[in-house]
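Here is a briefing on one protein structure. Please look at the model first, then read the notes by topic.

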Amino acid sequence: ELRLCLEALPMDIPVPLTAESKYKFSNFSPDAEWAADIGEAGAVNRELEVRFGNRADGLKLIERGPETEAVVDVLKIWIDKFPGDIILEKWVHDILEAAQVAILAAGKALPKSSKIPHSPPINGAKASKKKKSKIIAESDMSITHLYTDAKEIPAKGKGGAKVDPLLDLLSVNTYLKTDPQKMIVRCAGAEYGCATTWAAPRWKTRVFGHALQCGKLDKISLTLRDRVRTAMAKESLGGCVEAQSPLIPSVECEPVAVASTSGSLLKQRSIYPSQCKARISALKDQLDFDVLKLICIGGIPPTKVDSTEWKTMWKHGNPDYEPATSAVLTESQIPNEAARIEDLQLQHLRTCDNLTLTFDGNTTKMPQSVYTVHVITPVRRVFLVEGDESSEVSHTGAKIHEVL
């Protein structure tokens with residue numbers, strides 16, 4: 001269908017010479033350095049971004065002919081190599097819709113079996129510019145057409161763990177149309193272009209960690225990410241330690257003999273086991289928090305806590321303490337603590353006046369493209385309030401506006 005539409009593009013779109021073509025899809029290969037850094041699929045996406053240009057206001061085809069039509073073969077090769085890759089499949093949808101819009105705007109009929117997905121048809125050349133731009137914008141944002149959402153199954157009884165209502169607002173059980181037998185979980189922001197998915201069943205920690213950084217969710221509700229941050233902050237180690245009493249040496253309570261009315265002696269049960277359990281729990285929270293600060297402030301790779309030497313040290317130092325794994329540290333403890341710090345920052349900034357908002361872009365050694373946002377108070381205290389990783393998107397004014 002895509003090939004048919006590209007062959008039927010209107011005559012007013014130029015056909016450049018091969019040497020002058022901007023697209024040159026007959027000679028396509030991803031950059032080797034980018035493929036090594038972000039993977040082949042990511043490098044293909046980047047190369048398509050470079051050749052087609054900015055898609056902030058929708059994809060617009062500026063050439064037709066063999067070099068443009070060759071993109072069909074390019075996409076087929078790479079989608080066959082990476083089946084189910086949502087970003088590559090979205091390119092098919094976006095290019096197809098751009099071709100259909102161009103054909104209809106020229107007053108031509110679409111090729112047989114071709115229709116505009118998820119949009120009402122445009123009748124003839126008199127279609128308004130407003131209507132055309134709306135179709136392009138919707139295509140640029142939503143990728144829900146790639147999924148078939150699962151039907152909600154009501155609980156059969158009162159038992160079982162209760163699902164966090166916030167989790168239902170952030171994620172959806174679904175199936176890829178290319179793999180309808182395997183259930184996955186998608187971000188609710190897919191309606192506005194977020195392509196993040198997870199394996200089913202849903203894991204609250206991962207969904208919340210992503211939601212805190214997903215700007216697409218702001219288009220669903222401006223308070224949704226605030227609710228996520230508050231929920232994560234309540235489960236942070238710093239919050240737990242702050243709420244607990246200072247740890248003091250415990251004293252075992254010996255059983256006490258008590259006389260019954262029948263004259264026999266009864267032994268009162270010791271409170272030591274429950275006291276000991278509570279103390280071990282509080283000690284674990286405190287030590288986990290100390291380890292978290294050591295890793296983050298010291299710039300130590302979190303994988304160090306998985307080493308045999310680290311575990312042996314704690315086994316000798318305190319056999320009652322079981323240190324967290326790097327997975328728990330990076331996917332739960334650190335994100336929760338970051339949410340708590342951000343919550344405390346915002347509480348403080350709400351009491352200040354005359355604040356200055358600054359932002360800047362940078363590239364890390366990985367490489368990753370990041371934007372950071374800071375707030376400066378009148379007494380020159382600087383607070384980092386946002387860090388956005390934007391390696392696979394165009395760094396347009398619209399994108400920066402979304403981050404801010």
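The lining of the second largest pocket has 21 nonpolar, 6 polar and 11 charged residues. For these classes, Ala, Val, Leu, Ile, Met, Phe, Trp, Tyr, Cys and Pro count as nonpolar, Asp, Glu, Lys and Arg as charged, and the others, Gly among them, as polar. The model is predicted: local features need pLDDT of at least 70, side-chain atom pairs count only at pLDDT 80 or more, and totals for chains, interfaces and linings use all residues. Residues are numbered from 1 along each chain as its sequence is written, and side-chain values use heavy atoms, with hydrogens and water left out.

**Overall fold**
- The protein chain has 15 helices and 9 strands. These are DSSP runs (helices H or I, at least four residues; strands E, at least two), numbered from the N terminus.
- Of its 404 residues, 37% count as buried. Buried means under 20% relative accessible area, exposed over 50%, and partly exposed in between (1.4 Å probe, protein chains only).
- Among contacts with a separation of 6 or more, 60% join residues 24 or more positions apart. A contact means heavy atoms within 4.5 Å.

**Second largest pocket**
- The volume of this pocket is about 1000 Å³. A pocket is found on a 1 Å grid over the protein atoms alone, as an open set of points with protein on both sides within 12 Å along at least five of seven lines; a cavity is a set where a 1.4 Å probe fits but cannot get out; lining residues have an atom within 4 Å of a point.
- Grid points are joined across faces, edges and corners, and a volume is the space filled by probe spheres set on the points.
- The pocket has 38 lining residues, and Gln213, Glu342, Val385, Glu386 and Gly387 lie nearest its centre.
- Two or more lining residues come from each of H10 (224–234), H12 (272–298), H14 (326–349), S8 (369–376), S9 (382–389) and H15 (397–403).
- Helix H14 gives the largest share, 11 residues.

**Gln345 on H14**
- Gln345 sits in helix H14. Its relative accessibility is 14%, so it counts as buried.
- A polar atom of the Gln345 side chain lies 3.0 Å from the backbone oxygen of Leu384.
- Leaving aside neighbours within four places in sequence, Gln345 is in contact with Phe383, Leu384 and Val385.

**Second largest cavity**
- The structure holds 3 cavities of 30 Å³ or more.
- Helix H15 supplies the largest share, 3 residues.

**Asp218 and Glu402**
- Asp218 is in the loop between H9 (204–211) and H10. With 21% relative accessibility, Asp218 counts as partly exposed.
- Asp218 and Glu402 are 184 residues apart along the chain, and their C-alpha atoms are separated by 8.9 Å.

**Nonpolar cores**
- The largest nonpolar core has 28 residues, of which Leu6, Phe25, Leu48, Phe52, Val71 and Ile95 touch the most other members. A nonpolar core is a set of buried Ala, Val, Leu, Ile, Met, Phe, Trp, Tyr and Cys residues joined through side-chain atoms within 4.5 Å.
- Helices H1 (2–7), H3 (40–52), H5 (71–81) and H6 (86–105) each give two or more residues to this core. H6 gives the largest share, 7 residues.
- Another core, of 18 residues, lies apart from it and includes Leu170, Leu224, Val228 and Met232.

Conventions:
Polar contact = N/O pair within 3.5 Å; in protein donor to acceptor, adjacent residues only side chain to side chain.
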